Amino acid sequence: MRDSRYLPHLTWNEVRDLEKQAGVVVLPIGAIEQHGPHLPTATDALLAEEITKLALERLPKGAKVWRLPVQSYGKSNEHLGFAGTISLRAETLMAVVMDIAVSVAASGFRRLCFVNAHGGNSALLAMMAREIRVTTGLMVFNTFTNAGAPDPIEIPALEAKYGIHANDWETSLMLHLRPDLVQMDKAVREYPQLEGNVGLTGGAAVAAWLTRDWSTTGVFGDATLATPERGAARLEVSVAALAKVLEEISRFEVQQP
Ligand SMILES: [Zn+2]
């Protein structure tokens, strides 16, 4: 079915004639990479695309928010050594997002937002958001698929600290959205052996980690906690938060002093 918020479904004339003064183009971005023994390698690409689509369906009718096809391949070199991981080099992904942004600007849009589902893309997208702002004049925004929404489920402290990949959160979302692609009989619990102030995320110092340094299964977290119900609750807070921030971004104006 034709989706009027999905830009590639429109003709070029329709894209040209969109009211763009307010409005934002959204680029979902994921990864094709190992996600443990129980989840498909497309997990992040699927989540980026699906959560973005659901958030746009949630918007008020007049909101001017349009989405592009998901950028499925990301920067996943932290997972190299695990079969099925298809990673772009940093410079390739930088060029891809810049070229997309230049095209978005040339089509007359004023705002671009990344909706990222893969932590390994985050630093690059944060940097590129500013490069694109400087190069194209677009107002550029960067958010994650949960748009900052906290976990509505109470989780063990270890999961909160180290559950960052193929974990309870991601596995639950997939159990809710694509149960046909989840093999729960193969789900595992694996945490890195780290003590002190050095972390994988958020510590006093952050290690430039490679998955193979810390995990044998490819999992960081406890995938065995996952249920479809936990996934439904997490999807709901994510979609609501993402819809809210995208609507706000669509009206955002830089207030130059
Ligand atoms: Zn993931």
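The entries below take the sheet, then the helix pairs.

**Ground rules.** I am working with a predicted model, in which local features need pLDDT of at least 70 and side-chain atom pairs count only at pLDDT 80 or more, while totals for chains, interfaces and linings use all residues. Residues are numbered from 1 along each chain as its sequence is written.

I looked up the strand order and found 4 strands in an open sheet, 2-1-3-4, with parallel pairing; strands here are DSSP E runs of at least two residues and helices are H or I runs of at least four, numbered from the N terminus, and two strands pair if DSSP finds at least two bridges between them. Strand 2 (65–67) and strand 4 (139–144) stand at the edges with a single partner strand each, so one side of each has no neighbour in the sheet. From one strand to the next the twist averages 25°, angles being taken from 0 to 180 degrees between N-to-C directions, with axes fitted as lines to C-alpha atoms, for helices over the stretch in contact.

I then followed strand 3 (residues 111–116), which is joined to the parallel strand 4 by 6 bridges. Arginine 111 stands opposite methionine 139 of strand 4, and leucine 112 has valine 140 as its bridge partner there. Helix 8 (residues 228–251) packs on this sheet, touching strand 1 (24–29), strand 2, strand 3 and strand 4, and its direction makes about 165° with that of strand 3; I count residues as in contact if their C-beta atoms, placed from the backbone, lie within 7 Å.

**Helix 3 and helix 4.** I found that the axes of helix 3 (residues 90–106) and helix 4 (residues 119–136) come within 10 Å and cross at roughly 40°. That makes helix 3 oblique to helix 4, given that angles under 35 degrees count as roughly parallel, over 145 as roughly antiparallel, 65 to 115 as roughly perpendicular and the rest as oblique. The contact includes Leu93, Val97 and Ala101 of helix 3 and Leu124, Met128 and Glu131 of helix 4. By class, this contact of helix 3 with helix 4 has 11 nonpolar, 2 polar and 1 charged residues, where Ala, Val, Leu, Ile, Met, Phe, Trp, Tyr, Cys and Pro count as nonpolar, Asp, Glu, Lys and Arg as charged, and the others, Gly among them, as polar.

**Helix 8 and its helix partners.** Helix 2 (residues 43–58) packs on helix 8 at an angle of about 65°, with the axes 8 Å apart. Their contact is made by Ile51, Leu54, Ala55 and Arg58 of helix 2 and Ser238, Val239, Leu242, Ala243 and Leu246 of helix 8, which I sorted into 7 nonpolar, 1 polar and 1 charged. For helix 6 (residues 168–177) I noted that its axis and that of helix 8 come within 7 Å and cross at roughly 95°, which makes helix 6 roughly perpendicular to helix 8. Among the residues in contact are Trp169 and Leu173 of helix 6 and Pro228 and Arg234 of helix 8.

Definitions and conventions
Contact = placed C-beta atoms within 7 Å.
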